[in-house]
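Here are a few exercises to work through with the model open in your viewer. Try each task yourself before you read the solution.

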2 protein chains.
Amino acid sequence: MSQKDQARRSQCPISFALDILGDRWTLLVIRDLVFAGKRHFRDFLASPEKIASNILASRLRSLEARGIVSRRPDPASARKVIYELTRKGIDLIPVLLELIRWGATHDPRTGAPETFIRRIARDREGMIAEITAAIEKRR
Amino acid sequence: MSQKDQARRSQCPISFALDILGDRWTLLVIRDLVFAGKRHFRDFLASPEKIASNILASRLRSLEARGIVSRRPDPASARKVIYELTRKGIDLIPVLLELIRWGATHDPRTGAPETFIRRIARDREGMIAEITAAIEKRR
DNA sequence: GCATAATAGTTGCAAATTGCAAGTGGTATA
DNA sequence: TATACCACTTGCAATTTGCAACTATTATGC
């Protein structure tokens, strides 16, 4: 049981969020769901940060337990499993966008495209709507 | 050396951010600097999440090493040390606000005041300016 | 139908991190 | 001169991470 049944540390919403998202891997899995359209276990393993399969399994389990991700068998292939964001997961898009903006701004070697970063500043709402629509579409 | 000289995992800005902020404590320290105006070691220890003093020391060291927090002796008392946010740290306010919004929205037992949450949605920019001004003022 | 591969994990184990409790070394204060 | 304050450090047990190998089930190719 990875980081599961830990009691809440306080009533602070940041603390609440960190109790779920506060590690080096969880938000990368969500990033892959949001921006890369990944849905299968192997897809997440293929990301450049090279998450280990046991860590990935534990994170997906935790995210499912907390209602951020849902899990179902792939109708197209019985050995595959599809992971998808719930509404609660989709609601993390603004957090991701701000992390991207901060990371890209302060990492001199960032690989983030400048056009993308600039759009976060100028058209946040439009981006959120667009990304959300893309997610709903591939369901 | 806490979580220091780890190599970057990828060029992704989210991964960059998580290499620095991705744990259960770092953003709580920054929260205290941003919203509670805390500046001394003991103040952070007093927060409701009860960070251990060795963890706090390691996080402050890491944040200073990465240019998010600065450290200087308190001119008013030679045994005190003042921790302050740099510009890079202040730039995390939007991330914190989005985490607050997400946490407050999805935690049924949140302690976050509703007026605050609603203002994040309606007047983000105003809030950021106001909080930033308050930080600069107490310097 | 039989061997091979693909998929989603699990298991075992060493290394690193966390967390608790107690201690240290310099200022101040009574 | 003793006591307290402050910013840490130290020692150690418990938990988590990360690597590598392995497993169970379901396709696919010949």
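**Exercise 1. A helix and its surroundings**

Is helix 6 of chain A mostly covered or mostly in the open, and how many of its residues are buried?

Solution. Keep in mind that this is a predicted model.

Step 1: Begin with the length. Helix 6 of chain A runs over residues 93-106, and its 14 residues should span 20 Å at 1.5 Å a residue; the end C-alpha atoms are 20 Å apart, which agrees.

Step 2: Count the buried residues. A residue is buried if 20 or more other C-beta atoms lie within 10 Å of its own. In helix 6 of chain A, 12 of the 14 residues are buried, and the helix is mostly covered. Among them are Ile93(A), Leu96(A), Trp102(A) and Ala104(A), but also Glu98(A) and Arg101(A).

Step 3: Look for what covers them. Within chain A, the buried residues of helix 6 pack against helix 2 (26-35), helix 5 (87-90), helix 7 (114-122) and helix 8 (124-137); from chain B, helix 1 and helix 6 join in.

For contrast, turn to helix 8 of chain B, residues 124-137. Its 14 residues reach 20 Å from first to last C-alpha, close to the 20 Å expected. The number of buried residues there is 0, so helix 8 of chain B lies largely in the open.

**Exercise 2. Two copies, one surface**

Work out how chain B is related to chain A, and describe the side of chain B that touches chain A.

Solution. 

Step 1: Compare the contact surfaces. The same surface serves both copies, as 100% of the contact residues of chain B recur in chain A.

Step 2: Count and sort. From chain B, 38 residues are in contact with 38 residues of chain A. Helix 1 (13-21), helix 2 (26-35) and helix 6 (93-106) of chain B each supply at least two residues to this side, and helix 6 gives the most, with 11 residues. By class, the side divides into 18 nonpolar, 9 polar and 11 charged residues.

**Exercise 3. A residue in the core**

Which residues does Leu96(B) contact beyond its neighbours within four places in sequence?

Solution. 

Step 1: Leu96(B) sits in helix 6 of chain B, and with 22 C-beta neighbours inside 10 Å it counts as buried.

Step 2: List the partners. Leu96(B) is in contact with Leu27(B), Ile30(B), Arg31(B) and Val34(B), and with Ile14(A) from the other chain. Ile14(A) in turn has contacts with Leu27(B), Arg31(B), Leu96(B) and Leu99(B), among others.

Step 3: Widen the view. The largest nonpolar core has 61 residues, and Ile14(A), Leu96(A), Ile14(B) and Leu96(B) touch the most other members.

**Exercise 4. Around the DNA**

Which residues are closest to DNA strand C, and which come nearest to DNA strand D?

Solution. 

Step 1: Of the 21 residues around it, Ala78(A), His40(B), Phe41(B), Arg42(B) and Asn54(B) come nearest.

Definitions and conventions:
Residues numbered from 1 in each chain as written. Chains lettered and ligands numbered in written order. Predicted model: local features only at pLDDT ≥ 70, side-chain atom pairs only at ≥ 80, totals over all residues. Least-squares fit on C-alpha atoms with pLDDT ≥ 70 in both. Contact = placed C-beta atoms within 7 Å. Helix = DSSP H or I, 4+ residues; strand = E, 2+ residues; numbered from the N terminus. Nonpolar A, V, L, I, M, F, W, Y, C, P; charged D, E, K, R; others polar. Core = buried A, V, L, I, M, F, W, Y, C linked by C-beta atoms within 7 Å. Expected span 1.5 Å × (residues − 1). Near = placed C-beta within 6 Å.
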